[in-house]
Amino acid sequence: MSQVVTFVVCYARTVAASSSTRLHSPVAWSSRKSVQDYYDLEAGETERTPLLYVRDNGRYRVAKLRAADPNHLHPVAVGLMVALLVFLLIGVVIGVYLLLLTVQRPWPVSHPFFLVERPAWWQYPVALEATTLDRQAVTDVIVLHTDSEGCLDQERCVRYLQNTERSCWTARRDHIPYNFLIGGDGVTYEARGWKSQHGFDDLPGRNMTLVVGMIGNFTDRQPAQVQYDELKAFITESIRRFSLSSHYRLHGAISATSQDGAALYNQLQRWPHWHGFVSRHP
């Protein structure tokens, strides 16, 4: 009889222990509660950390949820910042465009501006050495004719510039005196450019003037229309580059004993901003 009682007591203890184990089993809890309701009771009442069920090799194990990273940026915040930067960039572009629209143009320009820079026609080791203008935008443009044979294609115009550069360097160790020249091919050729003083000793205003040469002799005949169109495009481009004031003054150059360029100046005197002649000193 005592053995039977002992067996019953042991069996009851075994059943109780088995029930307690199932009670705390995550598999058993999953049928009674959701995962969010399961907490680590060992953490105490003041620190209740949510747990997750993680399957590992066919078994379930409990893992704590990681706390949110304070340095992590929310995707919505990133999107808003990118959109703000895009709007700012668009605003800057529109502002620059509106600023360019306010630049006064002397006339509507339909002829495009063509520029051949100095290194394209003068590929020699002697670099340009000329005094730099001490102002960004000059106020005067003097137009001359070169009083030479004209050129109607780029090959001949480039040859003229090269021969003139060599002659000036051989005669007085100086560079071609023009800032720019315009050929009969309707192209502008850079000589000293927008940033250097012209090299004519008999012309005034070295530090406030751009000197433009029209290649050819235009005392008795007009330049080709394409040269006039390119001169207009050059003036407009100079204003656009802020290298020439929008209130510039256009001049011709004459001497007391010569009427050089009379046909050229007969046309230029009808242009806006014409401001008369400057005298060439003998």
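Mentor: Start with the term, then. Two strands count as paired if DSSP finds at least two bridges between them. Keep in mind that this is a predicted model.

Trainee: Fine. Which residue stands opposite Met-214 in strand 7?

Mentor: Ile-182 does. Strand 5, residues 180–182, pairs with strand 7 in the parallel sense. That pairing runs over 3 bridges.

Trainee: And strand 4, how many bridges does that one make with strand 7?

Mentor: Strand 4 covers residues 138–145 and pairs with strand 7 over 6 bridges. The sense is parallel. Asp-140 stands opposite Thr-209 there.

Trainee: Is strand 7 enclosed or open?

Mentor: Largely enclosed by the rest of the structure, because 6 of its 6 residues, 209–214, are buried. Buried here means under 20% relative accessible area.

Trainee: Which residues point which way from strand 7?

Mentor: Thr-209, Val-211 and Gly-213 point one way. Leu-210, Val-212 and Met-214 point the other way. All are buried. In a regular strand the side chains alternate between the two faces of the sheet.

Trainee: Switching to helices. What does helix 5 pack against?

Mentor: The buried residues of helix 5 pack against helix 4 (118–121), strand 5 and strand 6 (188–190). So strand 5 turns up again: it also pairs with strand 7, under the bridge rule above.

Trainee: Which residues of helix 5 are buried?

Mentor: Cys-157, Val-158, Tyr-160, Leu-161, Gln-162, Thr-164, Glu-165 and Cys-168.

Trainee: How far does helix 5 reach from its first C-alpha to its last?

Mentor: 27 Å, with 19 residues, 154–172. That is close to the 27 Å expected at 1.5 Å a residue.

Trainee: Now the surface. Which residues make the nonpolar patch?

Mentor: Val-78, Met-81, Val-82, Val-86, Phe-87, Ile-90, Ile-94 and Leu-98. The patch comes to about 720 Å².

Trainee: Where is Val-82 found?

Mentor: In helix 3, residues 75–101.

Trainee: Why does Val-82 count as partly exposed?

Mentor: Because its relative accessibility is 47%. Exposed would need over 50%.

Trainee: Last one, the whole chain. How many helices and strands?

Mentor: There are 7 helices and 9 strands. Of the 282 residues, 35% count as buried. The accessible surface is about 18000 Å², and 57% of that belongs to carbon and sulfur atoms.

Trainee: And the contacts between residues 24 or more positions apart?

Mentor: They account for 70% of the chain's contacts with a separation of 6 or more.

Conventions
Residues are numbered from 1 along each chain as its sequence is written. This is a predicted model: local features need pLDDT of at least 70, side-chain atom pairs count only at pLDDT 80 or more; totals for chains, interfaces and linings use all residues. Side-chain values use heavy atoms; hydrogens and water are left out. Patches are made of residues with over 30% relative accessible area and no salt bridge: like charges are joined within 9 Å, nonpolar side chains (Val, Leu, Ile, Met, Phe, Trp, Tyr) within 5 Å. Accessible areas come from the Shrake-Rupley method with a 1.4 Å probe; for residues, only the protein chains shown count as cover. A salt bridge is a side-chain nitrogen of Lys or Arg within 4 Å of a carboxyl oxygen of Asp or Glu. Helices (H or I, at least four residues) and strands (E, at least two) are DSSP runs, numbered from the N terminus. Buried means under 20% relative accessible area, exposed over 50%, partly exposed in between (1.4 Å probe, protein chains only). Contact means heavy atoms within 4.5 Å. The expected span of a helix is 1.5 Å times one less than its number of residues.
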